[in-house]
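This briefing is for a reader new to the structure shown below.

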Amino acid sequence: MSEEQLQQDFALALHDTARAWRHALDRRLKGLGLSQASWMSIAYLAKAPAPMTQTELAHCLSVEQPTVVAMLDRLQRAGLLRREIDAHDRRIRRVLLTPEGIEVYAEVRRVAMNFRHEKLKELDVEVLRQITEVLQQLQKTLEDPIP
């Protein structure tokens with residue numbers, strides 16, 4: 001197999017595996033009544049070291065600002081988050097989970113942890129470590145601003 005073909009196969013496998021992983025986890029989380037974008041938003045907000053802005057969340061989700069605003073409106077109506085005006089810049093809205101949103105995140109984490117254990121249990125620990133390091137190295141390369 002040529003290096004070009006190997007790189008093409010890797011890129012396709014990476015894309016398809018990431019998509020399949022998200023869809024399989026999404027099927028597990030359907031019982032919570034959340035879309036993939038909703039539970040991912042809740043997870044990003046819960047893991048953030050400080051309240052995120054709507055723009056920061058849109059960037060994390062790789063969606064446009066109007067898309068995240070509509071989704072946040074739905075989550076706010078459901079009582080899972082609230083928006084606060086930034087103390088230093090009134091044009092900025094910070095997004096915070098409510099106690100109900102934190103409870104939902106705990107359930108998302110529980111389901112996701114069980115899913116990970118189930119899907120990765122057959123992989124050798126050393127192989128899993130190596131794959132993780134390769135993916136982290138690739139991510140760093142992709143996020144490096146220097147072309």
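**Strands**

- Strand E1 (residues 52–53) pairs with strand E3 (residues 93–97) in the antiparallel sense, over two bridges; two strands pair if DSSP finds at least two bridges between them.
- Met52 has Val95 in E3 as its bridge partner.
- Strand E2 (residues 81–85) is joined to E3 by five bridges, and E2 and E3 run antiparallel.
- Ile85 has Arg93 in E3 as its bridge partner.
- Strands (E, at least two residues) and helices (H or I, at least four) are DSSP runs, numbered from the N terminus.

**Basis of the values**

- This is a predicted model, in which local features need pLDDT of at least 70 and side-chain atom pairs count only at pLDDT 80 or more, while totals for chains, interfaces and linings use all residues.
- Residues are numbered from 1 along each chain as its sequence is written, and side-chain values use heavy atoms, with hydrogens and water left out.

**Largest pocket**

- The volume of the largest pocket is about 1,600 Å³.
- A pocket is an open set of points on a 1 Å grid over the protein atoms alone where a 1.4 Å probe fits, with protein on both sides within 12 Å along at least five of seven lines; lining residues have an atom within 4 Å of a point.
- The volume is the space filled by probe spheres set on the points, which are joined across faces, edges and corners.
- The lining has 35 residues, and Ala18, Trp21, Arg22, Leu135 and Gln139 lie nearest the centre of the pocket.
- Helices H1 (3–29), H2 (36–47), H5 (99–120) and H6 (125–143) each supply at least two residues of this lining.
- By type, the lining residues are 24 nonpolar, five polar and six charged; Ala, Val, Leu, Ile, Met, Phe, Trp, Tyr, Cys and Pro count as nonpolar, Asp, Glu, Lys and Arg as charged, and the others, Gly among them, as polar.

**Aromatic pair**

- The structure holds one aromatic pair, meaning rings of Phe, Tyr or Trp (its six-membered ring) with centres within 6.5 Å.
- The ring centres of Trp21 and Phe115 are 4.8 Å apart and the planes are at 75°, so the pair is edge-to-face (planes over 60 degrees apart; under 30 is stacked and the rest tilted).
- Trp21 in helix H1 and Phe115 in helix H5 are 94 residues apart, so the pair links distant parts of the chain.
- Trp21 is partly exposed at 32% relative accessibility, whereas Phe115 is buried at 2% (buried is under 20%, exposed over 50%, partly exposed in between, with a 1.4 Å probe and protein chains only).

**Ser41**

- Ser41 is in helix H2 and is buried, at 0% relative accessibility.
- Apart from neighbours within four places in sequence, Ser41 is in contact (heavy atoms within 4.5 Å) with Leu57, Leu61, Met71 and Leu75.
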